[in-house]
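This report looks at one chain, moving from single residues to the overall fold. Please keep the sequence and the model in view while reading.

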Amino acid sequence: DDTEIGYDIFLGVPKHRAPEVVRTSGLTDASGYIPVNPKTLATSFPGVYAFGDCAKQGTPKAGNFAEGAARAVATTLIASLRSGTTPEPHLGTGTCYIEFGGGRIGRVDVDFFSHEDPIGTYFPPSLALRAGKEEFGSSRRARWFSR
């Protein structure tokens with residue numbers, strides 16, 4: 001059927017920001033975010049780390065970047081408890097899947113820290129990328145919410 005159906009669409013993302021309790025704690029700078037070392041997520045306060053929506057870490061405020069940052073902080077904390085263990089730096093890499101309709105999925109892989117400027121690789125929309133997106137989501141649901 002070649003019938004076109006008109007529609008309006010609004011895509012909105014709420015402003016990411018640190019909660020008021022964080023903004024009034026003294027951890028944030030004038031921007032309202034917590035400045036951190038982008039590789040270690042360490043703040044200017046000894047033993048305090050920040051990542052995700054409240055941190056100014058040099059990557060987008062998306063879940064898979066926060067996941068990489070959390071991994072870096074976890075390995076740093078483990079290394080501080082176990083001598084001889086080397087922390088894993090935050091790599092600043094992430095993947096974004098984009099839905100184009102008709103079952104087609106596109107993908108962008110982005111690297112923010114390995115080069116002077118961020119670089120990305122775009123994979124055009126295809127039906128084949130749907131399986132990758134589904135595995136990406138299901139692996140995280142299993143890791144985060146399964147017991």
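In which helix does S139 lie?

## S139 and R140 in helix α3

The model discussed here is a predicted one, and in it S139 lies in helix α3. The side chains of S139 and R140 are joined by a polar contact of 3.2 Å.

S139 has a relative accessible area of 19%, and because buried means under 20%, S139 falls in the buried class. R140 counts as buried too, since its relative accessibility is 17%. If neighbours within four places in sequence are left aside, R140 is in contact with E67 and F145; of these two partners, E67 belongs to the range of helix α2, which comprises residues 63-81.

## R23 in helix α1

Towards the other end of the chain, R23 lies in helix α1, an element made up of residues 20-23. Is R23 buried or partly exposed? Its relative accessibility is 29%, and R23 therefore counts as partly exposed.

Not counting residues up to four places away in sequence, R23 touches R17, A18, T28 and G32. With A18 there is a further detail, in that the side chain of R23 reaches the backbone oxygen of A18 at 2.3 Å. R23 and I34 are 11 residues apart along the chain, and their C-alpha atoms are separated by 8.3 Å.

## The nonpolar core and L41

Which residues make up the largest nonpolar core? This core consists of 11 residues in all, namely A18, V22, I34, V36, L41, A50, C54, A55, A69, A72 and V73. Helix α2, residues 63-81, gives the most to this core, with 3 residues. A18, whose backbone oxygen is reached by the side chain of R23, is one of the core members, as is I34.

L41, another member of the core, is placed in the loop between β1 (34-35) and β2 (55-56). Its relative accessibility is 0%, so L41 counts as buried. The backbone of L41 also deserves attention, for this residue has a positive phi of about 65° although it is not a glycine.

V36 belongs to the core as well, and L41 is among the residues that V36 touches when those up to four places away in sequence are not counted.

## The chain as a whole

The chain has 3 helices and 5 strands, and from the N terminus on its elements run α-β-β-α-β-β-β-α. Its radius of gyration is 19 Å, well over the 15 Å that the globule rule gives for 147 residues, so the chain is more spread out than a compact globule. Along its principal axes, the C-alpha trace spans about 65 × 40 × 35 Å.

Of the 147 residues of the chain, 27% count as buried, L41 being one of those in this class. The chain exposes about 10200 Å², of which carbon and sulfur atoms supply 58%. Among contacts in the chain with a separation of 6 or more, residues 24 or more positions apart account for 31%.

Technical notes. Residues are numbered from 1 along each chain as its sequence is written. This is a predicted model: local features need pLDDT of at least 70, side-chain atom pairs count only at pLDDT 80 or more; totals for chains, interfaces and linings use all residues. Side-chain values use heavy atoms; hydrogens and water are left out. Helices (H or I, at least four residues) and strands (E, at least two) are DSSP runs, numbered from the N terminus. Buried means under 20% relative accessible area, exposed over 50%, partly exposed in between (1.4 Å probe, protein chains only). Contact means heavy atoms within 4.5 Å. A polar contact is a pair of N or O atoms within 3.5 Å; within protein, one must be able to donate a hydrogen and the other to accept it, and residues adjacent in sequence count only if both atoms are side-chain atoms. A nonpolar core is a set of buried Ala, Val, Leu, Ile, Met, Phe, Trp, Tyr and Cys residues joined through side-chain atoms within 4.5 Å. The radius of gyration is taken over C-alpha atoms; the globule rule is 2.2 Å times the number of residues to the power 0.38. Accessible areas come from the Shrake-Rupley method with a 1.4 Å probe; for residues, only the protein chains shown count as cover.
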